[in-house]
Amino acid sequence: VLAGFLLTAVPNWTGRLPVSGKPLVWLFALWCAGRILLLVPGKVGVVTAATVDGLFLPALLTICAREVIAGRKWKDLKVLGGLLALSIA
């Protein structure tokens, strides 16, 4: 839900086009990989599954921060602070 909101809201905040193409495909693939690996942690290991799953939020943060910085909407960086906190947690 958070990813959907941010991927929709950030273009509205910045006036830039929505994220599409390879960055969006890679983000979706990372999300899918995390879901799939968490279904079979016995085959890949719990640590590996959790690590791959945990990479989604930092990847989303990177994409959103890139868009906010490219759009020079510095006041909107503070909104990404919550995503940073979730990524660190």
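Which residues line the largest cavity?

1. This is a predicted model, in which local features need pLDDT of at least 70 and side-chain atom pairs count only at pLDDT 80 or more, while totals for chains, interfaces and linings use all residues. Residues are numbered from 1 along each chain as its sequence is written, and side-chain values use heavy atoms, with hydrogens and water left out.

2. One cavity of 30 Å³ or more turns up in a search of the whole structure. A cavity here is a set of points, on a 1 Å grid over the protein atoms alone, where a 1.4 Å probe fits but cannot get out; lining residues have an atom within 4 Å of a point. The volume of the largest cavity is about 50 Å³, taken as the space filled by probe spheres set on the points.

3. The lining of the largest cavity consists of Leu 6, Leu 7, Val 10, Pro 11, Thr 14, Leu 17, Val 19, Ile 63, Cys 64 and Glu 67. H1 gives the largest share, five residues. Helix H1 (2-14) and helix H5 (56-70) each supply at least two; helices are DSSP runs (H or I, at least four residues).

4. In helix H6 (residues 80-88), the buried residues (under 20% relative accessible area) are Leu 80, Leu 83 and Ser 87. They lie on the same side of H6, because they cover an arc of only 50 degrees around the axis, judged by the directions from the helix axis to the C-beta atoms. The buried residues of H6 pack against H1 and H5, with contact meaning heavy atoms within 4.5 Å.

How values were computed. 1 Å grid on protein atoms, 1.4 Å probe; cavity = no way out; pocket = protein on both sides within 12 Å on 5 of 7 lines; lining within 4 Å. Buried < 20%, exposed > 50% of the residue type's maximum accessible area, 1.4 Å probe, protein only.
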